[in-house]
Amino acid sequence: MSQEPISKEEESVDKLPNILFLADEPDKGLWDYFEKEKLDGIDLIISCGDLPPQYLSFLATYFKGTVLYVHGNHDACYEQTPPDGCTCIEDMVYEYHGLRIAGLGGSMEYSKGVHQFTEEQMKKRVRKLQRRIAKYGGIDILVTHAPAKGLNDSEDLPHHGFDCFHELLDRYHPHIYAHGHVHMNYNYNQPRETEHNGTIVLNAYQKLIYQL
């Protein structure tokens, strides 16, 4: 993982961006039945993890904007086959037209996987990320794979949320917190969008378009 914050976009935009959030399962309308017009009006694509790298590479080929991602717990293949034309934002702040976007991938450790972490390990990542956030004076969007504890997580260990994510939510109050990992079909009462202390919490399962 890169250890330095990066900034790719320098020009300002004259409208608030439409963001396409993705996670967990490819959307058939964006792959099997793809038409490039389906990306019209989208300014930025952000993956919250657990998607085939070929899927993200495919979208990056047709999408003229930026594609960002964090790793999911099933993304070990990214080590050998990272998605082409996309930017990993693990443990860093990425600035997109003035929007400060921070990323932390992975899930709770349950089988010693490459993108699995204990609460203590994730807490160390959060604290390192805070030092990078300080250089930007805060964040506007927080992107993770696993949810925060108590926010759309589940009782089973693989889908436990991280308590330390609340350090970022409660200190910086990002406008959006987007995560994946908890599939909408796990629980039909699972909310797609909710709110936490002024932050909009989005479950990005498959796809979700949001305008800031």
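Me: In which helix does H166 lie?
Reply: The model is predicted, so local features need pLDDT of at least 70 and side-chain atom pairs count only at pLDDT 80 or more, while totals for chains, interfaces and linings use all residues. Residues are numbered from 1 along each chain as its sequence is written, and side-chain values use heavy atoms, with hydrogens and water left out. Helices (H or I, at least four residues) and strands (E, at least two) are DSSP runs, numbered from the N terminus. The run of residues 165-172 contains H166, and this is helix α3.

Me: Is H166 buried or exposed?
Reply: Buried means under 20% relative accessible area, exposed over 50%, and partly exposed in between (1.4 Å probe, protein chains only). The relative accessibility of H166 is 14%, so H166 counts as buried.

Me: Which residues does H166 touch, not counting residues up to four places away in sequence?
Reply: Contact means heavy atoms within 4.5 Å. A polar atom of the H166 side chain lies 2.7 Å from the backbone oxygen of K149. With residues up to four places away in sequence not counted, those touched by H166 are A148, K149, L151, R171 and H196.

Me: What covers the buried residues of helix α1?
Reply: Helix α1 spans residues 53-62, and its buried residues are P53, Y55, L56, S57, L59 and A60. Their cover includes β2 (18-23), β3 (44-47) and β4 (66-69).

Me: How many disulfides are there?
Reply: A disulfide is a covalent bond between the sulfur atoms of two cysteines; here the criterion is a pair of cysteine sulfur atoms within 2.5 Å. For C48, the closest cysteine sulfur is in C88, 12 Å away, which is too far for a bond. C77 is in no disulfide either, as the nearest cysteine sulfur, that of C86, is 13 Å away. The count of disulfides is zero.

Me: What is the relative accessible area of C77?
Reply: C48 counts as buried at 0% relative accessibility. C77, by contrast, is partly exposed, and its relative accessible area is 36%.

Me: What is the phi of D24?
Reply: D24 is placed in the loop between β2 and β3. With a relative accessible area of 8%, D24 is buried. Although D24 is not a glycine, its phi is positive, at about 75 degrees.

Me: Where does H181 lie?
Reply: H181 is a residue other than glycine with a positive phi, near 75 degrees. Its relative accessible area is 3%, so H181 is buried. H181 lies in the loop between β11 (176-179) and β12 (193-196).

Methods. A polar contact is a pair of N or O atoms within 3.5 Å; within protein, one must be able to donate a hydrogen and the other to accept it, and residues adjacent in sequence count only if both atoms are side-chain atoms.
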